2 protein chains.
Amino acid sequence: MGLKQKDRGVYQYIRVMFQDEDEEKEKEKVWLLSLEDVEEILSYKFSDKNLLKEAFTHPSYYYPDDTKESYERLELLGDSVLNLIISKEMFLLYPDSSPGLLTRLRAANVDNEKLARVAFKYRLYPYLRHKAPDMEDQVQAFSNDIQNYPVHSYGLIDTPKFLADIVESIIGAVFIDSNYSLDTVWKVFKRLLEPIIGPKTLRIHPMTELYELCQKNKISINFVDGSKSETYKTFSVVLENNIVIGTSTCASRKEIVKNRAAKAALDHLKATLPSAN
Amino acid sequence: MGLKQKDRGVYQYIRVMFQDEDEEKEKEKVWLLSLEDVEEILSYKFSDKNLLKEAFTHPSYYYPDDTKESYERLELLGDSVLNLIISKEMFLLYPDSSPGLLTRLRAANVDNEKLARVAFKYRLYPYLRHKAPDMEDQVQAFSNDIQNYPVHSYGLIDTPKFLADIVESIIGAVFIDSNYSLDTVWKVFKRLLEPIIGPKTLRIHPMTELYELCQKNKISINFVDGSKSETYKTFSVVLENNIVIGTSTCASRKEIVKNRAAKAALDHLKATLPSAN
């Protein structure tokens, strides 16, 4: 049955549409196959592959449609699971540690930077379905930054949140898929989370260390905001006589810029105070 | 063998000391027996009674000695366990809810006020060993305050933290005692945590609601600190023309005083704005 002339355009449109749909289906198939690599990285086979799909779907993927079945719900669950398995591990490994130390150990082992390192090291992020524009750049910058801090920077570098999110969402997915087995989750993620930060490798944030050092030496300091643009922020640590002892300017979150200024001030004080070492 | 005259004082001292020790032992025995009531309240028998003891020992109990074996470590673990069992429950109960709603549901079900209500309702707090001076008064005040809010006040009342701590420490203790069984913890605590807050009973904090209402109605507001003492704080919500639309003065944490002022402002706006209902 031939098409009338006036229908040609529509027919062509429908053909292209179906071609696109075929292409989408093909892409989906390739992506699903690639997720088997993820199972290999994790050394864990999913019974319910839909969980794995959900864990690797960024909210941007459905743009401009409504967000649906992105990893956000699994991430929320995974966050709680991770918190518990780390709490339990710290509780058992360090039976004599104070509650304060336990809290700091837990925080250091579940924070975004720590998790982002896992997603980066084991190359989990390339499997993420997304339509976010600058993810590759963010990963590249993160990759450069962590060269200087082999284990943890404690607030000195910017962490792309989606890298940490992926790890939490996979933890959530494994938790459900294993019928809520904490043991299975721990078996899968203990290796990936290495090195687990313990009392000996735990460091404190420069800001905290700076305040402690200043209190001990009766030095009064202030943070001064000298930012000149929204992008590049500047913070300085100044003494009472307005002498600057540390400063930092970078295109990071305010908290990170302040931490870096604190680090500079710390380095200065440690070099000049006779009692600081 | 008789004591020499000069030893009499020492002997007397030693006698009193042992008498005190006997008394202490007797008190400990009574306390240990009373903990069986706790097992009845929980409908759970501990295999390791030491966990139960630890869960009901406040850090102040060892005053003026060093803190040892107080409930703080169990509380830390229990906090993570509770977070997970609530996350899991919310995740399964509301499969179509957004990540944002899940986060708010979890927060409302694990927060200090919610937990303190459990310790109060099931009379768990009288079993706590402590040497803190004003616990009874705090419980009395809390007991009065919750009369006005049957389920949750969302930041309008002061919550004695130790009431919430007890619930978390018992959760930690049951988790360990049951060989880390989430199912057992949930079985024990589901009943105690009722009513679990769901999407229908979830309310938002007055502060959040106020800001949302003002944004919708293009009203600009400010919080003004009018506190005249450290104990009694005062906050007011004022419009751009300096007219006060809500105020609160009380001996609570700053956050609570502000929330109460926000509640007053909300009530005022709802009564006067035609579109607010």
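Buried means under 20% relative accessible area, exposed means over 50%, and partly exposed lies in between, using a 1.4 Å probe and protein chains only. Keep that in mind for these close-ups of a predicted model, in which local features need pLDDT of at least 70, side-chain atom pairs count only at pLDDT 80 or more, and totals for chains, interfaces and linings use all residues. Residues are numbered from 1 along each chain as its sequence is written, chains are lettered from A and ligands numbered from 1 in the order in which they are written, and side-chain values use heavy atoms, with hydrogens and water left out.

**View 1. Helix α5 of chain B is largely enclosed by the rest of the structure.** Helices (H or I, at least four residues) and strands (E, at least two) are DSSP runs, numbered from the N terminus. Helix α5(B) covers residues 112–121, and seven of its 10 residues are buried. Look for B:E113, B:K114, B:L115, B:A116, B:R117, B:V118 and B:A119, the buried residues of this helix. The cover over them includes α3, α4, α6 (135–145), α7 and α8 (182–193) of chain B. Just after α5(B), you can find B:R123, which takes a positive phi of about 45°.

**View 2. Chain B meets chain A.** Here 26 residues of chain B are in contact with 26 residues of chain A, where contact means heavy atoms within 4.5 Å. Together the two chains bury about 2,300 Å², with 69% of it on carbon and sulfur atoms. Buried area is the accessible area (1.4 Å probe) that two parts lose on being put together, summed over both. On the chain B side, B:R73, B:L76 and B:F91 lose the most area to chain A, together 32% of what that side buries.

**View 3. Salt bridges and polar contacts link chain B and chain A.** A salt bridge is a side-chain nitrogen of Lys or Arg within 4 Å of a carboxyl oxygen of Asp or Glu. The rule finds two of them across this interface, including the one between the side chains of B:R106 and A:D79 (3.6 Å, N to O). There are also 14 residue pairs in polar contact, both residues at pLDDT 80 or more. A polar contact is a pair of N or O atoms within 3.5 Å; within protein, one must be able to donate a hydrogen and the other to accept it, and residues adjacent in sequence count only if both atoms are side-chain atoms. In chain B, α3 (72–93), α4 (99–110) and α7 (161–177) each supply at least two residues of the side that touches chain A. The largest share of that side, 14 residues, comes from α3(B).

View 4. The domain assignment, which is automatic or from a database, gives domain 1 (24–200) and domain 2 (206–272) of chain A.

**View 5. A:S236 sits in strand β2 of chain A.** This strand covers residues 233–239. A:S236 is buried, with a relative accessible area of 12%. The side chain of A:S236 makes a polar contact with the side chain of A:T247 (2.8 Å). Not counting residues up to four places away in sequence, A:S236 touches A:N222, A:F223, A:V224, A:V244, A:G246 and A:T247.
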